[in-house]
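Here are my notes on the model, for reading alongside the coordinates. Please go through the points in order.

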Amino acid sequence: MADGPFEGRNTILFWTSAGSTLDGNIRPTELPDFFSLGGFFNLSGLAPTSLIGPHYAIARSIYFRKIGRGGEGFFEFPAYIGMSFELGNTWEHRGDMSLGSARKDGSVFLAFDTFLGPVYLGTGYDQRGSAGYYLFLGRTF
């Protein structure tokens, strides 16, 4: 059976991660060992490492669609358009972790599959009104 013109053009990803410290005695000198969130696909409306804490969780849903096939020229790359929805936060106490206290962020992006790797141009928005803008080179997932 031959491929139709729209087969394989849409992709949906679901991606989660979480972490928690085991020691309940947190000292300020341990700050570099904490988990951080913020940045592209990690609560995209926030600057990188905006949220830091001993406990974190994040879930992401990412959709993208191939809008260009690329070609044979040096600057002819496959192109994609997409969006994400992200739900997560960091918490000081493990007992504070809940869906109600999670932040909700999203992004829209344009991506190109280049000879250097994927290049993303996008913007992210946080439920509290902050925004981030991204020019990103490299694999994100």
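Which residues do ring pairs link into a cluster?

1. The cluster consists of Phe40, Phe41, Phe109, Tyr120, Tyr134 and Phe136, joined through ring pairs. Keep in mind that this is a predicted model. Searching the whole structure gives eleven aromatic pairs.

2. One of these pairs is Phe40 with Phe109, in an edge-to-face arrangement. Their ring centres are 6.0 Å apart and the planes stand at 90 degrees. Phe40 sits in the loop between β2 (35–37) and β3 (51–53), while Phe109 belongs to strand β6 (residues 103–114), so the contact ties together parts separated by 69 residues in sequence.

3. Are the two partners buried or exposed? Phe40 has a relative accessibility of 9% and counts as buried because the cut-off is under 20%. Phe109, with a relative accessible area of 5%, is buried as well.

4. The model contains an open sheet of six strands, in the order β1-β4-β5-β6-β7-β8, with antiparallel pairing. β1 (10–20) and β8 (131–137) are the edge strands, each pairing on one side only. On average, and ignoring direction, neighbouring strands of this sheet are turned by 15 degrees against each other.

5. Strand β4 (residues 55–68) and strand β5 (residues 79–91) pair in the antiparallel sense over 13 bridges. For Tyr56, the bridge partner in β5 is Thr90.

6. A separate item concerns a charge over a ring. Arg60 lies over the face of Trp15, 4.0 Å from the ring centre.

Technical notes
Residues numbered from 1 in each chain as written. Predicted model: local features only at pLDDT ≥ 70, side-chain atom pairs only at ≥ 80, totals over all residues. Heavy atoms only, no water. Phe/Tyr/Trp six-rings, centres within 6.5 Å; stacked < 30°, edge-to-face > 60°. Helix = DSSP H or I, 4+ residues; strand = E, 2+ residues; numbered from the N terminus. Buried < 20%, exposed > 50% of the residue type's maximum accessible area, 1.4 Å probe, protein only. Lys NZ or Arg CZ within 6 Å of the ring centre and 35° of its normal. Pairing = 2+ DSSP bridges. Axes fitted to C-alpha atoms, helices over the stretch in contact; angles between N-to-C directions.
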